Amino acid sequence: MSHRFADKIALITGSSRGIGRAAALAFAKEGAALIGVHYTANADAADTTVRDIEALGVKAVAVEADFRHGKDAADSLWAQFSEAALTEMGSTALDILVNNAGIAPALPLKQTSEAVFDEVMTINYKAPFFLMQAVADHIRDNGRIINVSTGFTRIAAPTHPAYAGSKGALETLTLALAPEFAGRGITVNAVLPGVTETDMNAEWLASPDARAGAEALSVFSRVGRAEDVADVIAFLASNDARWTTGQMIDATGGARI
Ligand SMILES: NC(=O)c1ccc[n+]([C@@H]2O[C@H](COP(=O)([O-])OP(=O)(O)OC[C@H]3O[C@@H](n4cnc5c(N)ncnc54)[C@H](OP(=O)(O)O)[C@@H]3O)[C@@H](O)[C@H]2O)c1
């Protein structure tokens with residue numbers, strides 16, 4: 001087993017479950033020093049992820065913040081994590097930030113209320129924006145920022161217009177910030193998952209017809225696993241991806257190519 005993340009300190013939003021949890025375990029398997037497991041409502045799931053990371057001999061800390069509160073939540077998250085990092089590692093430095101937490105309500109244009117629109121934009125775009133602002137001066141040279149977007153920025157999604165727009169904004173931000181961080185060798189990239197087997201999709205994927213439709217989207221004729229996406233995140237987080245920045249990396253299993 002390689003140790004691509006030896007001595008690395010990582011913070012992954014929304015890593016209590018799904019893709020974020022799989023990314024946290026991928027970092028832990030390759031020797032990360034400390035992993036911040038962010039969650040909002042599901043403390044039990046976050047604790048399980050922390051224990052599973054610790055079982056791999058890696059330090060982990062659970063940090064709670066509700067991204068519906070935008071900048072306040074981002075600032076609170078960074079304050080909690082940096083305090084824990086100071087205790088555990090003697091430093092508030094960070095090597096890898098993965099902006100993964102998100103919500104994806106399936107609401108077409110006419111059914112999207114202003115409240116839902118604001119919530120989606122706040123959780124998926126505003127909170128990651130201000131989290132990047134909060135950590136900017138703490139990311140070490142050659143650090144990594146990875147934003148988790150969606151294949152719906154490339155594939156038309158009339159079922160999820162507010163969601164697709166929030167992730168489009170996150171991708172534009174990814175491009176906009178890449179030059180700013182490049183001076184210190186820090187890369188900023190986005191990963192675009194397709195339909196992935198997580199709690200986000202569990203209900204509708206339980207329908208055999210819906211599952212068949214989801215499988216048919218990918219040229220590999222299956223639904224993605226959280227690990228399929230996490231391995232792409234791990235590549236971008238590693239030194240192997242040092243020459244890639246400002247990019248949107250597809251992880252949809254070739255959906256609708
Ligand atoms: N699954 C897919 O098919 C798919 C496809 C394309 C893109 N994505 C993107 O991939 C990312 C991860 O998706 P997933 O499927 O792994 O999601 P998931 O299994 O539903 O997990 C969502 C994570 O986000 C956290 N979260 C939810 N609401 C939050 C809030 N208000 N404030 C802070 N954190 C919050 C959850 O914390 P709690 O556990 O505390 O609730 C959880 O850790 C998302 O950005 C999603 O848009 C997913």
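Predicted model: local features only at pLDDT ≥ 70, side-chain atom pairs only at ≥ 80, totals over all residues.

Student: OK, how many helices and strands does the chain have?

Tutor: Eight helices and seven strands, taken as DSSP runs (H or I, at least four residues, for helices; E, at least two, for strands) and numbered from the N terminus. The chain is as compact as a globular protein of its length, because its radius of gyration is 17 Å, close to the 18 Å that the globule rule gives for 257 residues. That radius is taken over C-alpha atoms, and the rule is 2.2 Å times the number of residues to the power 0.38.

Student: And what percentage of the residues count as buried?

Tutor: 49% of the 257. Buried means under 20% relative accessible area, exposed over 50%, and partly exposed in between (1.4 Å probe, protein chains only).

Student: Switching to aromatics: how many pairs does the structure hold?

Tutor: Five. Rings of Phe, Tyr and Trp (its six-membered ring) pair if their centres lie within 6.5 Å; planes under 30 degrees apart count as stacked, over 60 as edge-to-face and the rest as tilted. Take tryptophan 78 and phenylalanine 81: the ring centres are 6.0 Å apart and the planes sit at 45°, so that pair is tilted.

Student: Where do tryptophan 78 and phenylalanine 81 lie?

Tutor: Both are in helix H3 (residues 70–89), three residues apart, about one turn of the helix. Tryptophan 78 and phenylalanine 81 are both buried.

Student: What about phenylalanine 152 and tyrosine 163?

Tutor: Their centres are 6.4 Å apart with the planes at 85°, so this pair is edge-to-face. It links distant parts of the chain, 11 residues apart: phenylalanine 152 is in the loop between strand S5 (139–148) and helix H5 (161–182), and tyrosine 163 is in helix H5.

Student: Is tyrosine 163 buried or exposed?

Tutor: Tyrosine 163 is buried, at a relative accessible area of 9%, while phenylalanine 152 is partly exposed, at 28%.

Student: Which residues form an aromatic cluster?

Tutor: Tyr125, Phe129 and Phe130 form one.

Methods. Residues numbered from 1 in each chain as written. Heavy atoms only, no water.
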